[in-house]
Amino acid sequence: MDHDLSRRNAIGSIAALGALGLSGSEALSAQPKIRPAKFSPTEIGYDAQKQEFVLPELPYAYNALEPVIDEQTMRIHHDKHHAGYVKGANTAVAKLNEYLWQGGDPALIQHWERQLSFHMGGHINHTLFWTGMKPESEGGGGKPEGNLLAQIEKDFGTYSAFVEYFTSAATKVEGSGWGWLVYEPASRRLMVLQMQNQQDMMFASAVPLLGVDVWEHAYYLKYQNRRADYAKAFMRVVNWEEVSRRYEAARA
Ligand code: MN3
C-alpha cells in the first residue's frame with residue numbers, strides 16, 4: 001500500500017507541474033524547487049511529548065484587536081472553535097492509527113481522512129490566522145515593505161489593487177471559508193485563493209502567507225451580515241512582518 005501511495009503522489013506531482021506549463025524533463029528538474037511550507041511544531045501547535053496537537057495561546061490579549069475584532073468574538077473563536085478543530089484533528093489521527101494497527105472496515109479510512117483534512121485544516125488555518133494579526137497599537141496594519149511589497153506590486157499592480165482584490169475575494173467566498181494570499185513556488189508568484197470550509201479549493205504547492213477567516217463565527221457578533229466591512233477592517237490588524245517572514249521562507 002505504501003508503494004502504491006508514493007507512486008500515486010509522484011504521478012500527481014508531475015501532473016501538477018504539467019498543468020503549470022512545464023514539459024517532462026523541465027518538470028523533473030524543476031521539481032526540487034517546489035517546497036512545501038515549513039513550520040515548527042510550536043508554530044503549528046504540536047506537543048511532541050504528548051504526541052498530539054495542542055491549542056496555541058493567542059500572541060496578544062483577547063481584546064487587543066479591538067475595535068476591529070471584539071473580545072467576545074476572539075474568546076469564542078479561539079477557546080471554542082479553534083479548540084474544537086484541535087480535538088477533531090487528534091481524534092481523526094487516533095482513529096486512523098487504530099485502523100492501521102488494529103484493522104477494521106476500510107470505508108472508515110475515507111471517513112476519518114475527511115475528518116482529518118477538515119480539522120487539521122481548521123487547526124493550521126487558525127494558528128496562522130492569530131499570528132498573522134497584530135494590534136493596531138503595536139504596528140498592525142499599514143503596508144508591507146521590501147521584497148514582499150515589490151512582489152505584490154509585480155503580481156497585482158499596486159498595493160491598493162491587491163487589497164481590493166484580496167478583500168473582494170474573501171467577501172465572495174461561497175458559504176464558510178477563508179481568503180488567502182499564497183505563494184506558489186513553481187511559478188514564483190503570489191496568488192489569492194478562496195478556500196471553502198477549512199481545506200477545499202487550495203492546492204498542495206500553495207504556501208499560505210496571509211489568511212482571513214470569513215466563517216460567520218469570525219465576525220457575526222460585531223458585523224452581522226456585513227462581511228465586506230469585516231474583510232476591509234481586517235487589513236488594519238495584519239501583521240505584515242510575520243507575513244513577510246513567511247514569504248521570505250517560502251521563496252528561499
Ligand atoms: Mn474560524
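Colleague: How far apart are the end C-alpha atoms of helix 4, and what should its residues span?
Modeller: The end C-alpha atoms of helix 4, residues 71–102, are 45 Å apart, which agrees with the 46 Å that its 32 residues should span at 1.5 Å a residue. The expected span is 1.5 Å times one less than the number of residues. Helices here are DSSP runs of H or I with at least four residues, strands are runs of E with at least two, and both are numbered from the N terminus. One caution: this is a predicted model, where local features need pLDDT of at least 70, side-chain atom pairs count only at pLDDT 80 or more, and totals for chains, interfaces and linings use all residues. Residues are numbered from 1 along each chain as its sequence is written, and side-chain values use heavy atoms, with hydrogens and water left out.

Colleague: Where is the kink in helix 4 centred?
Modeller: On H77, with a kink of about 30°. The bend at a residue is the angle between axes fitted to the seven residues ending there and the seven starting there.

Colleague: And is H77 buried or exposed?
Modeller: H77 counts as buried, because its relative accessibility is 1%. Buried means under 20% relative accessible area, exposed means over 50%, and partly exposed is in between, with a 1.4 Å probe and protein chains only. Other buried residues of helix 4 include M74, H78, Y85 and L96.

Colleague: What do the buried residues of helix 4 pack against?
Modeller: They pack against strand 2 (52–53), helix 5 (107–131), strand 5 (207–213) and helix 8 (220–223). A contact means heavy atoms within 4.5 Å. After helix 4 comes G103, which has a positive phi near 75°.

Colleague: Now the metal. Which protein donors does the manganese ion have?
Modeller: H77 (NE2), H126 (NE2), D213 (OD) and H217 (NE2), lying 1.9 to 2.2 Å from the manganese ion. Since H77 is in helix 4 and H126 in helix 5, that pair ties together parts 49 residues apart in sequence. Donors are N, O and S atoms within 2.8 Å of the metal (3.2 Å for Na, K and Ca), and as water is not among the atoms, sites may look incomplete.

Colleague: What spacing do those donors follow along the chain?
Modeller: H-x48-H-x86-D-x3-H. H126 counts as buried too, because its relative accessibility is 0%.

Colleague: Switching topic, how many aromatic pairs does a search of the whole structure find?
Modeller: It finds 17. In one of them, Y46 and F53, the ring centres are 4.9 Å apart and the planes are at 65°, so the pair is edge-to-face. Rings of Phe, Tyr and Trp (its six-membered ring) pair if their centres lie within 6.5 Å; planes under 30 degrees apart count as stacked, over 60 as edge-to-face and the rest as tilted.

Colleague: Are Y46 and F53 buried or partly exposed?
Modeller: Y46 is partly exposed at 31% relative accessibility, while F53 is buried at 15%. A tilted pair is F156 with Y165, whose ring centres are 5.8 Å apart with planes at 55°. F156 is buried, at 14%, and Y165 is partly exposed, at 41%.

Colleague: Which residues do ring pairs link into a cluster?
Modeller: F156, Y159, F162, Y165, F166 and W240.

Colleague: Last one: how many helices and strands does the protein chain have?
Modeller: It has 10 helices and five strands. Of its 252 residues, 42% count as buried.
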